[in-house]
Amino acid sequence: MLTRRHFIAATGLAALGIAGGVSAAESGAMEILRLWPGEPPGGGGPHGPLKETPWGVVSNISTPDIHVFRPEKPNGAAMLVIAGGGYRLISRKAEGYTAAKWLNALGYTAFVLTYRLPGEGWHAGPKAPLADAQRAIRMIRARAADFGIEKERVGILGFSAGGYLAGLASVRSDFQSYVPVDDIDSEPDRPDWTALVYPVITLKTPYDHTSTRRQMLGPHPTPEEVSEWSVETYVNADTPPLLLVHAADDPIANVHHSLIMEQCCEQAKVPVEFVELPKGGHGFGMSKPGKPSYGWSDHLQSWLKKVDAAGT
C-alpha cells in the first residue's frame with residue numbers, strides 16, 4: 001500500500017496525446033457555478049472584473065466558482081481540480097481545463113475551482129482559499145444527483161499552489177474555515193482520495209522560499225503561523241489515500257515537499273504512492289509529448305482506478 005514509483009515511458013491516454021492543451025472554447029465547460037449565494041465569507045476582496053490573459057491565467061478574483069466538465073460516458077465519480085499559480089494568480093487553462101478534459105476521457109465529472117487569492121484583499125486571509133475548496137467539495141456532493149455522481153466518489157487533484165490547497169482541504173476537513181451559510185454546508189468536505197502534483201506542502205525552513213508561503217503568511221510569520229498552515233502538520237489516520245507526483249529537479253517547489261508528505265503519510269499509515277520523475281522541472285501540468293515529464297498521467301490513471309475501486 002505504501003509504494004514509491006519511478007517514472008517510466010508513456011503509455012495509455014498520455015501516449016494518445018489526450019494530455020495536451022485545449023483552448024477555452026474547446027474546454028467543454030458546460031456550467032459555471034458560483035460557490036457562495038452572496039458575498040464570500042469574511043468580506044473584502046478585489047474590485048472590478050476578473051482578469052484573464054490569452055493563456056487562461058486568471059486573477060482579480062471577486063467571485064469564486066467551479067467550472068463543470070461533464071464526460072460523454074460518466075463513471076459516477078467526480079474530481080475537483082485545483083490549478084496553481086503561487087497564490088498570485090491561477091493557471092486555470094493549462095493546469096485546470098487540461099486536467100478536466102483528461103479526466104473526462106476516463107469518465108470522471110470534473111470541476112475546476114477558481115478560488116480566492118489571499119493577497120487580493122480578502123479579510124479572511126489564508127482561510128479564504130481553504131473555505132472555497134471546502135465549499136466546492138460540499139457543493140459537488142450536495143448536487144450529486146444533478147451531476148450523476150456518487151457522494152462517496154469525490155476526489156481532488158491539485159497542482160503546485162493548488163496542490164497545497166488540495167492538501168490542506170484533505171488534512172483539515174475538521175477545520176471550520178467559515179460559518180455555514182446554507183444546507184450545502186451540511187455535506188462532508190473530506191475528499192475520498194487526493195492527488196498532489198509538484199505540490200507545496202511545508203511552509204517551514206529551509207523550504208520556505210515559495211510564493212505560496214509569502215502570499216499566505218506575509219514576509220515575517222511567527223513559528224506558530226508557519227506550523228498552523230503547513231500541510232504536514234495535520235496528516236493523520238483519517239487523511240485520504242494520496243498520490244504524489246514530483247520531479248527531482250523542480251526549482252520552484254523542492255522535491256522534499258513531497259518527500260515530507262510521503263513520510264508523514266507512512267507514519268500515519270495512510271496509503272500513499274510517490275511517483276518521482278528524474279527530470280521535469282515545475283509546472284508541467286498533464287505534460288506534452290517530447291517533455292521529460294510526459295507520461296506521468298499513466299500513473300494517475302492506474303492509481304485512480306485502484307483507489308476508486310477500493311472505495312466502492
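Biologist: Is Cys264 buried or exposed?

Modeller: This is a predicted model, in which local features need pLDDT of at least 70, side-chain atom pairs count only at pLDDT 80 or more, and totals for chains, interfaces and linings use all residues. Residues are numbered from 1 along each chain as its sequence is written, and side-chain values use heavy atoms, with hydrogens and water left out. Buried means under 20% relative accessible area, exposed over 50%, and partly exposed in between, with a 1.4 Å probe and protein chains only. Cys264 has a relative accessible area of 17%, so the class is buried.

Biologist: How many disulfides does the structure hold, and why is Cys264 in none?

Modeller: A disulfide is a pair of cysteine sulfur atoms within 2.5 Å. The closest cysteine sulfur to that of Cys264 is in Cys265, 7.1 Å away, which is too far for a bond. Cys265 is in no disulfide either. The number of disulfides in the structure is zero.

Biologist: What is the relative accessible area of Cys265?

Modeller: Cys265 belongs to the buried class. Its relative accessible area is 0%.

Biologist: Where is Thr210, and which residues does Thr210 touch?

Modeller: Helices (H or I, at least four residues) and strands (E, at least two) are DSSP runs, numbered from the N terminus. Thr210 sits in the loop between strand S10 (194-197) and helix H6 (211-217), and counts as buried at 5% relative accessibility. Contact means heavy atoms within 4.5 Å. Not counting residues up to four places away in sequence, Thr210 touches Val200, Ile252 and His257.

Biologist: Which residue forms a salt bridge with Asp182?

Modeller: A salt bridge is a side-chain nitrogen of Lys or Arg within 4 Å of a carboxyl oxygen of Asp or Glu, and the structure holds 16 of them. For Asp182, the closest N and O atoms of the pair are 2.9 Å apart, and the partner is Arg135.

Biologist: How many residues apart in sequence are the parts that Asp182 and Arg135 tie together?

Modeller: Asp182 lies in the loop between helix H5 (161-171) and S10, while Arg135 is in helix H3 (residues 127-142). Asp182 is partly exposed at 31%, whereas Arg135 is buried at 1%. The separation of the two parts is 47 residues.

Biologist: Which residues are linked with Arg143 in a network of salt bridges?

Modeller: Arg143 forms a salt bridge with Asp146, with the closest N and O atoms 3.2 Å apart. Arg143 is partly exposed at 27%, and Asp146 is partly exposed at 48%. The residues linked with Arg143 in the network are Glu31, Arg70 and Asp146.
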